[in-house]
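This briefing is for a reader who has not seen this structure before.

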Amino acid sequence: MSRQPSFRVAVLGATGMVGQWLVHLLDRHPWFRVVALTGSDRSVGRPYGEACRWLLGAPMPDWAARMPVLPTEPGFEAELVISALPSEVAREAEPRFAAAGYLVASNASAYRMAPDVPLLMPDVNFDHLALLSRQRDERGWTGALLTNPNCTTTAAVLPLKALMPYGVRRVHLVSLQALSGAGYPGVSAMEIVDNILPYIPGEEEKLEKEPRKLLGRLTDEAVEEAPILLSAQTNRVPTLDGHLVCLSVELEERISPEQAMAAMATYRPPEEVADLPTAVPMPIVVRREPDRPQPRLDRMAGGGMSVVVGRVQPCPVFTLKFVALTHNTIRGAAGAALFNAEALLRWLGRV
């Protein structure tokens, strides 16, 4: 049996919700060994087990509990850095790591729309990693920086990617987003119990912009955004995990729901990433029941890495309407950054 590759990894912002999911997902990763966990000033110097209010149902790994929390500064011996930093912190910190030679896979929104930074879903636009050549040339970095999209964007983009051969023109999206997407402590009980909040700051703008870059075409080391018009409305709802998105889609070709479901159900990741540890054989799972997908029943499809689509119907205004679900803290955050880190190593020829 051939020996598995081994890479040293640091998690930035490890005490937050996304950082905790990264620690959990990295616990038995076949390629990655965590050598550093960073946190805020109040956590630095303390064991992770004391500094972190662990919120996951699975127990904190023993190795992580014993590790000291380090400052979020270059200097530790890692090849890969996976960032769960808040965007305002990431904006300053992540370029320092890339300039210092680290490979940075970020979950933060700070650099998603930068023209030389890949906004990546490996099973959608693996070829966009070629932007890193331009990034390194223009910024003088020996490392690299790439990002994954907003957690809700993920639910929309995979089914839209499957429908792109039919010419996606316009999309209207309405999201029902889980509480975990707001982090901890997040939304107060007084606001969300017996309630829905019809406004999430910054979310609608991300949903209207990010899919255009993800579904765009790479030309001469730049991304030509997809000519799709998107309109989004976002809502916070009292579910714990799992973002549900209702989409109405106008296509150039008027296809039937059966054709759409077949296109989604048979969509497969490109061969360059199909065997990566975090890849799933079926990125899109199609349900035919009239009341699926549901967050509680379907968010863990593909270990939380598949998008689940259902209720595919003709749309009296556009062409089709359907519902898509993603596990926001796995496929939409920690798992996405981990998948990106694996894809980066593949693009570099390291695995």
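Helices and strands here are DSSP runs, at least four residues long for helices and at least two for strands, numbered from the N terminus. The model is a predicted one. Its chain is assigned to domain 1, made of 7-148 and 334-348, and domain 2, made of 151-326.

**How the two domains meet**

- Between the C-alpha centres of domain 1 and domain 2 the distance is 24 Å.
- Contact between the domains involves 31 residues of domain 1 and 31 residues of domain 2.
- Domain 1 and domain 2 bury about 2,700 Å² between them, with 68% of that area coming from carbon and sulfur atoms.
- On the domain 1 side, the residues that lose the most area to domain 2 are Met 121, Asp 123 and Val 124, which together account for 21% of what that side buries.

- Two salt bridges are counted between domain 1 and domain 2.
- Asp 275 and Arg 346 form a salt bridge through their side chains, at 2.8 Å from N to O.
- Eleven residue pairs are in polar contact across the interface of domain 1 and domain 2.
- Helix H5 (122-125), helix H6 (131-139) and helix H12 (330-347) each give two or more residues to the side of domain 1 that touches domain 2.
- H12 gives the most to this side, namely six residues.
- The side of domain 1 that touches domain 2 is made up of 18 nonpolar, six polar and seven charged residues.

**The open sheet**

- An open sheet is built from six strands with parallel pairing, in the order S3-S2-S1-S4-S5-S6.
- Strand S3 (69-70) and strand S6 (144-147) are the edge strands, each pairing on one side only.
- Strand S4 (residues 80-83) and strand S5 (residues 103-106) run parallel and are joined by four bridges.
- Opposite Ile 82 stands Ala 105 in S5.

**Backbone details in loops**

- The peptide bond between Tyr 184 and Pro 185 is cis, with omega about 5 degrees.
- Pro 185 is found in the loop between strand S7 (168-177) and helix H8 (189-192).
- A cis peptide bond also leads from Arg 292 to Pro 293, where omega is near 10 degrees.
- The loop that holds Pro 293 lies between strand S12 (284-286) and helix H11 (295-298).
- Asp 194 is not a glycine, yet its phi is positive, about 60 degrees.
- Asp 194 sits in the loop between H8 and helix H9 (203-214).

Notes
Residues are numbered from 1 along each chain as its sequence is written. This is a predicted model: local features need pLDDT of at least 70, side-chain atom pairs count only at pLDDT 80 or more; totals for chains, interfaces and linings use all residues. Side-chain values use heavy atoms; hydrogens and water are left out. Domain bounds come from an automatic or database domain assignment. Contact means heavy atoms within 4.5 Å. Buried area is the accessible area (1.4 Å probe) that two parts lose on being put together, summed over both. A salt bridge is a side-chain nitrogen of Lys or Arg within 4 Å of a carboxyl oxygen of Asp or Glu. A polar contact is a pair of N or O atoms within 3.5 Å; within protein, one must be able to donate a hydrogen and the other to accept it, and residues adjacent in sequence count only if both atoms are side-chain atoms. Ala, Val, Leu, Ile, Met, Phe, Trp, Tyr, Cys and Pro count as nonpolar, Asp, Glu, Lys and Arg as charged, and the others, Gly among them, as polar. Two strands pair if DSSP finds at least two bridges between them.
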